[in-house]
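Hello,

Here is the structure I promised to pass on. Please have it open while you read my notes below.

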Amino acid sequence: MVTTNLLNYDGKGLANFCAEIGEKPFRAKQLLRWIHQSGITDFVDMSDLAKGLREKLSALAVIESPQIISDYVAADGTRKWLLSVGAGNGIETVFIPEANRGTLCVSSQVGCALACTFCSTGKQGFNRNLTVAEIIGQLWIANKTLKADPKDVATDINRVVSNVVMMGMGEPLANFDNVVMALDLMLDDHAYGLSRRRVTVSTSGLVPAIDRLRERCPVALAVSYHAPNDTLRDQLVPINKKYPIKELLAACQRYLSAAPRDFITFEYVMLDGVNDSVAHARELIKLVQDTPCKFNLIPFNSFPGSDFKRSTSDAVRIFRDVLMQAGFVTTVRKTRGDDIAAACGQLAGQVRDKTRRSTYVKVEAVK
Ligand code: SAH
Ligand code: SF4
């Protein structure tokens, strides 16, 4: 018999499922809490459900997340899980602990079709979209592991996930329906209860999908900008040929009418000698003058086979100063989890033996 994986349902989906099996819709809320807040996988343990219902659920349904293949902690406390999603495919999820928050970087696809030239995931090509269970399963696993494992490595701060960024492998807006259902669960008070400001979708600029997200589930938006003109952006972010900068900026303006923050975050990867000069910064300022935004500069992270070099720290500092002097709030992303290849753009996800074992700690007891 085919069983239903309840991790694939948001609140509405669970209510429908309850109706289908002859149960009251409010059971969905109880189920959400058991599944997502308690992390329980065995219906028998759901003590406030009638015995008959527990038996029915055991026969009809499962709660199945991706399998953990490896779990590594970097010297700075960054933690990376490699998860199997079947057929030899792996995805990566990264937890970044900071003084006042814990951010989980979540993947949305196996590989990515958009082929940005500086991105390891893009080099891999596209394999498939992740299901809702595989997307929300990353948060489910991270919460469960972090709560169950208070002792471990490198940091003594509160490590429960407080923020989610859809900045792992894949283009979230190219897997729109599943990503939005997973976002619904992140925001649902009976599941993870995160505010819309604490959940960020990062996109390379799929204009129609930015508009759909605005209508359906306006969370914080980050846009991968990376170049101050169409000629260069066409080369770095090929989707720009379809949705050029002018259209992208217009979509950002529209998004702001519904956004939980009053600015868009523009991500800008700093590539040595490619997009990192003062002239580039000035060109950028002219373009975004009318768009309320912040900049996040990301020093390029290299990966095997990459064609680019990271900008020098002087170039990054000067670029930042030019933007700041023009009145734009600008941050430089700290490179975290370097020693476990967990930094932006390094996620590859193949299920393979990782080398460099001496530089990280493998967490042995995965519960
Ligand atoms: N597909 C989405 C989200 C995933 S990538 C997007 O492109 O926005 C998250 C961020 O990491 C993006 O801004 C992306 O451009 C950036 N990135 C990709 N490869 C990188 C690399 N090698 N070094 C630094 N940043 C990188
Ligand atoms: Fe895909 Fe984002 Fe990588 Fe571009 S940067 S290839 S959109 S994951």
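The side chains of N89 and N127 make a polar contact at 2.9 Å. (A polar contact is a pair of N or O atoms within 3.5 Å; within protein, one must be able to donate a hydrogen and the other to accept it, and residues adjacent in sequence count only if both atoms are side-chain atoms.) N89 sits in the loop between β4 (79-84) and β5 (90-98). Helices here are DSSP runs of H or I with at least four residues, strands are runs of E with at least two, and both are numbered from the N terminus. N89 is buried, with a relative accessible area of 13%. Buried means under 20% relative accessible area, exposed means over 50%, and partly exposed is in between (1.4 Å probe, protein chains only).

A word on the source. This is a predicted model, where local features need pLDDT of at least 70, side-chain atom pairs count only at pLDDT 80 or more, and totals for chains, interfaces and linings use all residues. Residues are numbered from 1 along each chain as its sequence is written, chains are lettered from A and ligands numbered from 1 in the order in which they are written, and side-chain values use heavy atoms, with hydrogens and water left out.

Now the overall picture. The chain has 11 helices and 15 strands. Of its 367 residues, 55% count as buried. Take the contacts (heavy atoms within 4.5 Å) between residues at least 6 apart in sequence: 67% of them join residues at least 24 apart.

Another loop residue is S107. It lies between β6 (101-105) and β7 (109-111). Its relative accessibility is 0%, so S107 counts as buried. A polar atom of the S107 side chain is 2.9 Å from the backbone nitrogen of M169. Beyond its neighbours within four places in sequence, S107 touches I91, E92, L130, I135, Q138, M166, G168 and M169.

Some backbone angles deserve a look. Most residues other than glycine have a negative phi. A115 is not a glycine, yet its phi is positive, near 55 degrees. A115 belongs to the loop between β7 and α4 (120-124). With a relative accessible area of 35%, A115 is partly exposed. H226 is not a glycine either, and its phi is positive at about 70 degrees. H226 is in the loop between β11 (220-224) and α8 (230-236). At 4% relative accessible area, H226 is buried.

On to α1 itself, residues 11-20. Its buried residues are G11, G13, L14, A15, F17 and C18. Their cover includes β1 (4-5), α2 (27-37), α3 (51-60), β2 (61-62) and α6 (176-187).

Last, a helix pair. The axes of α10 (residues 278-288) and α11 (residues 313-325) come within 9 Å and cross at roughly 30 degrees. That makes α10 roughly parallel to α11. (Under 35 degrees counts as roughly parallel, over 145 as roughly antiparallel, 65 to 115 as roughly perpendicular and the rest as oblique.) V278, H280, A281, R282, L284 and I285 of α10 make the contact with I318, F319, V322 and L323 of α11. These residues divide into 8 nonpolar, 1 polar and 1 charged. Ala, Val, Leu, Ile, Met, Phe, Trp, Tyr, Cys and Pro count as nonpolar, Asp, Glu, Lys and Arg as charged, and the others, Gly among them, as polar.

Best wishes

Terms used. Axes are lines fitted to C-alpha atoms, for helices over the stretch in contact, and angles run from 0 to 180 degrees between N-to-C directions.
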